[in-house]
Amino acid sequence: MRSQSSLAKRYGSTALVTGASSGIGASFCRELCQSGFTTVIAVARRSDRLEELRAEAEKRWGVRIVPISIDLAREGAAREVLSQVEAFGLEVDFVVNNAGFGVLGDMESIDISRTTGMVDLNCRAVAEVAALFLSGMKRRRRGAMIITSSVVATVPAPWFAVYSATKAFDLYLGEALYAECKGTGVDVVTVLPGLTRTEFQAGAGLDRQYHSPYRSPEDVVRTAISALGRKAIVVDGALNKLLVHGTRFLPRAVLLWLSRIVMKVELRRE
Ligand SMILES: NC(=O)c1ccc[n+]([C@@H]2O[C@H](COP(=O)([O-])OP(=O)(O)OC[C@H]3O[C@@H](n4cnc5c(N)ncnc54)[C@H](OP(=O)(O)O)[C@@H]3O)[C@@H](O)[C@H]2O)c1
């Protein structure tokens, strides 16, 4: 991993993290506070959590957290975030485009508002945040964006169908943006976490016993940051790497068959 403060030295002083109130996003905020950033804009809906993070960052590291409490799944929300950032007189140098959720179950049994909510948050908001914040960084010829996808982006996941499709969107978007931003001074990396101990499982209806393959949010953060400027995509954890890269050349039908078995087990644990 890059040494402390070299991250800010390379990219600038102000970071923005979506999904900052828990899990991977909160862990990114804490890491960035220790990496030389002087301001971290923390975006999520739960203002109490953002306030706790603000107090912690100020006390432990003397870093300013600017909480923005907003529902990013709402149309126009990303634009409102940009307006608030501009009203504070801030320019964002480092973006963690991370807010997202999943729901496990038969497609038809999932409330349609949760299905469209997944598409709105995991796809539209991610694309909007990328479009709105990349332009400033490109203009200044300096910056970075981390996009949180998932290992389920690499293979369709039955009973997690919409979620895996939205994460495939994030993967394609991030990989293409990496190529598009080459030579502009802006680094883009897409991180693919596997099972990670966060609040995601509770929201998704997944088993929450956090059995051994589970990784910590701090692991995911380290993996993403260490790949920044070097790779387009990075899979977090050796076992997840083996699963993604080791199965890459399997026939699609075999991959789908395996995915169905794994997901059926998850569904039974529910
Ligand atoms: N944990 C895993 O096993 C795993 C595996 C692969 C990929 N991922 C991905 O990792 C990312 C982070 O998830 P996590 O694991 O850290 O889960 P988490 O602990 O549930 O965190 C999700 C974050 O997204 C925010 N969020 C949810 N809905 C939102 C909305 N409508 N508007 C604004 N913010 C919203 C939540 O804040 P509020 O509720 O306060 O709004 C929270 O801060 C997600 O994109 C997820 O798909 C997770």
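This is a predicted model: local features need pLDDT of at least 70, side-chain atom pairs count only at pLDDT 80 or more; totals for chains, interfaces and linings use all residues.
Q: Is serine 149 buried or exposed?
A: A residue is buried if 20 or more other C-beta atoms lie within 10 Å of its own. Serine 149 has 27 other C-beta atoms within 10 Å, and therefore serine 149 is buried.

Q: Where in the chain is the place of serine 149?
A: The two elements to consider are strand 5, which covers 143–148, and helix 6, which covers 161–181. Serine 149 has its place in the loop between strand 5 and helix 6.

Q: What separates the C-alpha atoms of serine 149 and isoleucine 68?
A: Along the chain, serine 149 and isoleucine 68 are 81 residues apart.

Q: Which helix gives the most to the shell around the ligand?
A: The ligand is surrounded by 30 residues, and the closest are Gly19, Gly23, Arg45, Arg46 and Gly100. Helix 2 (23–33) and helix 7 (200–204) each supply at least two residues of this shell. With three residues, the helix that gives the most is helix 2.

Q: How many charged residues does the shell around the ligand have?
A: Sorted by class, the shell around the ligand has 12 nonpolar and 13 polar residues. The charged residues in this shell number five.

Q: At what angle do helix 4 and helix 5 pack?
A: Two packed helices are described by the angle between their axes and the distance between the axes. For helix 4 (residues 77–87) and helix 5 (residues 112–140), the axes are 9 Å apart, and the crossing is right-handed. The angle at which helix 4 and helix 5 pack is about 35°.

Q: How many nonpolar residues are in the contact of helix 4 with helix 5?
A: From helix 4, Ala77, Ala78, Arg79 and Leu82 meet Ala125, Glu128, Val129 and Leu132 of helix 5. By class, this contact of helix 4 with helix 5 has no polar and two charged residues, while its nonpolar residues number six.

Q: What radius of gyration does the protein chain have?
A: The protein chain holds 10 helices and seven strands, and its C-alpha trace spans about 50 × 35 × 35 Å along its principal axes. A compact globule with 270 residues would have a radius of gyration near 18 Å. The value for the protein chain agrees with this, because its radius of gyration is 18 Å.

Key
Residues are numbered from 1 along each chain as its sequence is written. Helices (H or I, at least four residues) and strands (E, at least two) are DSSP runs, numbered from the N terminus. The radius of gyration is taken over C-alpha atoms; the globule rule is 2.2 Å times the number of residues to the power 0.38. A residue is near a molecule or strand if its C-beta atom, placed from the backbone, lies within 6 Å of it. Ala, Val, Leu, Ile, Met, Phe, Trp, Tyr, Cys and Pro count as nonpolar, Asp, Glu, Lys and Arg as charged, and the others, Gly among them, as polar. A residue is buried if 20 or more other C-beta atoms lie within 10 Å of its own, exposed if 12 or fewer, and partly exposed in between; C-beta atoms are placed from the backbone. Axes are lines fitted to C-alpha atoms, for helices over the stretch in contact, and angles run from 0 to 180 degrees between N-to-C directions. A crossing is left-handed if the near helix is turned anticlockwise from the far one by less than a right angle, and right-handed if clockwise. Two residues are in contact if their C-beta atoms, placed from the backbone, lie within 7 Å.
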